[in-house]
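Reader: I'm new to this one. Can we go through it together?
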Amino acid sequence: MSKIILSAKDLCKSYASGGLQNHVLKNVDFELRDGEFCVVMGSSGSGKSTLLYCLSGMDTATSGEITYKDKQFEKLNEDKLARLRRKDFGFVFQQMHLVANLSIFENIAVPGYLVSKPPKVHAKAEELMEKVGISALNKRLPSQVSGGEQQRAAVARALINSPQILFADEPTGSLNSKAGLEVLDILSEFNRGGQTILMVTHDIKAAIRATRLIYIKDGKLCSEMEMGLYQGENEKARESQVVAWLTSLGW
């Protein structure tokens, strides 16, 4: 079995609203294994995005422990946590957040300059652009390419520093079905190459790419299901399996 690289224990997250505490995450225990494609599903407001943000260090938990390898988040100052996010974590969001006045190539390469020297960054950016199928778009601005192409660039940008974990928050949520499937194919291909991915989604087409599915409800992890490595086969069977599992959970 693969080693555990990220874990949470008794994780809680609360917000104050109107003088009351809104408990979004409630004593969550979680483990992420090296090389897996873990997908968290849940209805709107279930806490799935909050969980992703806390586990990636983009948000701070109210209480509990988060450990990445031998590092405990609560013992890291903001500078050390920022360096960890920069080098070891990559991020893909529903909105691409590309810089409008930078070319596609520049958008992908810029985060790499914070970690490596330009020649290495340029070679890596070119390699990633080829892998995600946008090499011909390197000089174009984000406004000159499609939404699907922008999201492919966002995936490449997230991988420029060879992160240990790629975090994805509804990465196909703003795309049409064809572009969404293309992005999912890219994520699956990287996972088959060993990339660890933690993704939250409400999309069953995205969920079938998981090696492991987790269901969150009212801030608590209430079920999980092993799916095995996605190979592009038996999609209907995987989809039926996921639908049956979700139905049993009251989806």
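Reader: Is Val110 buried, exposed or partly exposed?
Author: Val110 is partly exposed, as its relative accessible area is 37%. Keep in mind that this is a predicted model.

Reader: Where does Val110 lie?
Author: In a loop. Val110 sits between α3 (104–109) and α4 (118–131).

Reader: And how many Å separate the C-alpha atoms of Val110 and Glu74?
Author: The separation is 29 Å. Along the chain, Val110 and Glu74 are 36 residues apart.

Reader: New topic. How many disulfides does the structure hold?
Author: Zero disulfides. Take Cys12, which is in no disulfide. Its nearest cysteine sulfur belongs to Cys54, 10 Å away.

Reader: Is Cys12 buried or exposed?
Author: Cys12 is buried, because its relative accessible area is 15% and the cut-off for buried is under 20%.

Reader: Let's switch to charge. Which residues form the positive surface patch?
Author: Lys3, Lys69, Lys87 and Lys120 form the patch.

Reader: Pick Lys69. Where does Lys69 lie?
Author: Lys69 is in the loop between β4 (63–68) and β5 (71–72).

Reader: Why does Lys69 count as partly exposed?
Author: Because its relative accessibility is 43%. Partly exposed covers what falls between buried, under 20%, and exposed, over 50%.

Note on methods:
Residues numbered from 1 in each chain as written. Predicted model: local features only at pLDDT ≥ 70, side-chain atom pairs only at ≥ 80, totals over all residues. Heavy atoms only, no water. Patch = residues over 30% accessible without salt bridge, like charges linked within 9 Å, V, L, I, M, F, W, Y side chains within 5 Å. Areas by Shrake-Rupley, 256 points an atom, 1.4 Å probe, with all protein chains shown as cover. Salt bridge = Lys/Arg side-chain N within 4 Å of Asp/Glu carboxyl O. Lys, Arg positive; Asp, Glu negative; His and termini not counted. Charge placed at Lys NZ, Arg CZ, Asp CG, Glu CD. Helix = DSSP H or I, 4+ residues; strand = E, 2+ residues; numbered from the N terminus. Buried < 20%, exposed > 50% of the residue type's maximum accessible area, 1.4 Å probe, protein only. Disulfide = S-S within 2.5 Å.
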